[in-house]
Amino acid sequence: MQSFLLFSPEVASARAAGKPIVALESTIISHGMPYPQNVHTAREVEQVIRDAGAVPATIAIIGGKICIGLSDDQLELLGSSPDAIKVSRRDLAYVLAQGKLGATTVAATMICAALAGIEVFVTGGIGGVHRGAETSFDISADLQELANTSVAVVCAGVKSILDIGLTLEYLETHGVPVVSVGQPAFPAFFTRDSGFKADFQIDAPEEQAAFIRTKWQLGMAGGVVVSNPVPQESAMEPYEIDTIIQQALGEANERGVSGKAVTPFLLGRIKELTGGRSLTTNIALVKHNALVGARLAVALNQTAA
């Protein structure tokens, strides 16, 4: 397994020194934002993590290797290449074996982070149960990964294009704790309140770390969702974004968009319909998550055996 892992010099140095490391996905670069904002945001997010006392490790599949930490040139490649494959659990072995360029989703990043011994992963929003899943069975592999892989995932909740209630029910069934930061409400990516509550509100990173470490020390494998709401000044109005999402969902259905193409289509269409404001919100929430994730990684590192 270790033969597939390739650590950047910065991450290798951090591992040797026992420094806290934060994993970052690469699908947000290749499929989540337009170029060049995607690469610019990726670099800014990495710097937020460094400034908070941890080391960023953006993960991608390049040249038959799981790259843990990317160079500037590799970030540019992912951000500008139309050939990057969106990689989830199902796709990981294929993209590695074929030597293709792959951008990791939440599920694949969790797998790679666990292989690399990284306990904290920062993303924008996790995948979940899609609206209409009772007939389509469209449920993100992210949820099953959270049930099985012991990585703490810091996010702005579930993307509001999804069925948030059913997503939380799925997580509850599989015993995945959902923690909120700064409020009891579970956030909905573009907005701060989804109308649902998280399982637990834990604000201090030291207390978050104690909870997560206790879970794993009890032998209870699996992830933890640390939901962190978008900053108030960057949040969108719930009614506006819900109306736009409904329009985008209708257009996706009319065009026959399905599977892994759904989320990129919807996010792109929402950006168009909001005149770019949704992208501004997306960038703000990812940076905020990076700060919370870095603080959690520092606290977890202090509790490591």
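A pocket is an open set of points on a 1 Å grid over the protein atoms alone, where a 1.4 Å probe fits, with protein on both sides within 12 Å along at least five of seven lines; lining residues have an atom within 4 Å of a point. Grid points are joined across faces, edges and corners, and a volume is the space filled by probe spheres set on the points.

The model is predicted: local features need pLDDT of at least 70, side-chain atom pairs count only at pLDDT 80 or more, and totals for chains, interfaces and linings use all residues. Residues are numbered from 1 along each chain as its sequence is written, and side-chain values use heavy atoms, leaving out hydrogens and water.

**View 1. The second largest pocket.** This pocket holds about 330 Å³ of space. It is lined by 16 residues, with Arg131, Leu249, Asn253, Val257 and Val262 closest to its centre. Helix H11 (238-255) and H12 each supply at least two lining residues; helices are DSSP runs of H or I, at least four residues, and strands are runs of E, at least two, numbered from the N terminus. H11 gives the most, four residues. The lining divides into six nonpolar, eight polar and two charged residues. Here Ala, Val, Leu, Ile, Met, Phe, Trp, Tyr, Cys and Pro count as nonpolar, Asp, Glu, Lys and Arg as charged, and the others, Gly among them, as polar.

**View 2. The largest pocket.** Its volume is about 600 Å³. Of its 31 lining residues, Lys86, Thr105, Ser140, Asp142 and Thr263 lie nearest the centre. Helices H2 (27-30), H5 (89-98), H8 (141-148) and H12 (262-273) each give two or more residues to this lining. H12 gives the most, with four. The lining comprises eight nonpolar, 14 polar and nine charged residues.

**View 3. The buried side of helix H9.** In H9 (residues 164-173), Ile164, Gly165, Thr167, Leu168 and Leu171 are buried, that is, under 20% relative accessible area (1.4 Å probe, protein chains only). They cover an arc of only 160° around the axis, so they lie on the same side of H9; the arc is that of the directions from the helix axis to the C-beta atoms. Their cover includes H8 and strands S9 (178-180), S10 (185-188), S11 (191-197) and S13 (224-227).

**View 4. The largest nonpolar core.** Such a core is a set of buried Ala, Val, Leu, Ile, Met, Phe, Trp, Tyr and Cys residues joined through side-chain atoms within 4.5 Å. Among its 102 residues, Ile68, Ile126, Leu146, Leu171, Val225 and Leu296 touch the most other members. Helix H13 (residues 277-303) provides the largest share, eleven residues.

Methods. Buried < 20%, exposed > 50% of the residue type's maximum accessible area, 1.4 Å probe, protein only. Contact = heavy atoms within 4.5 Å.
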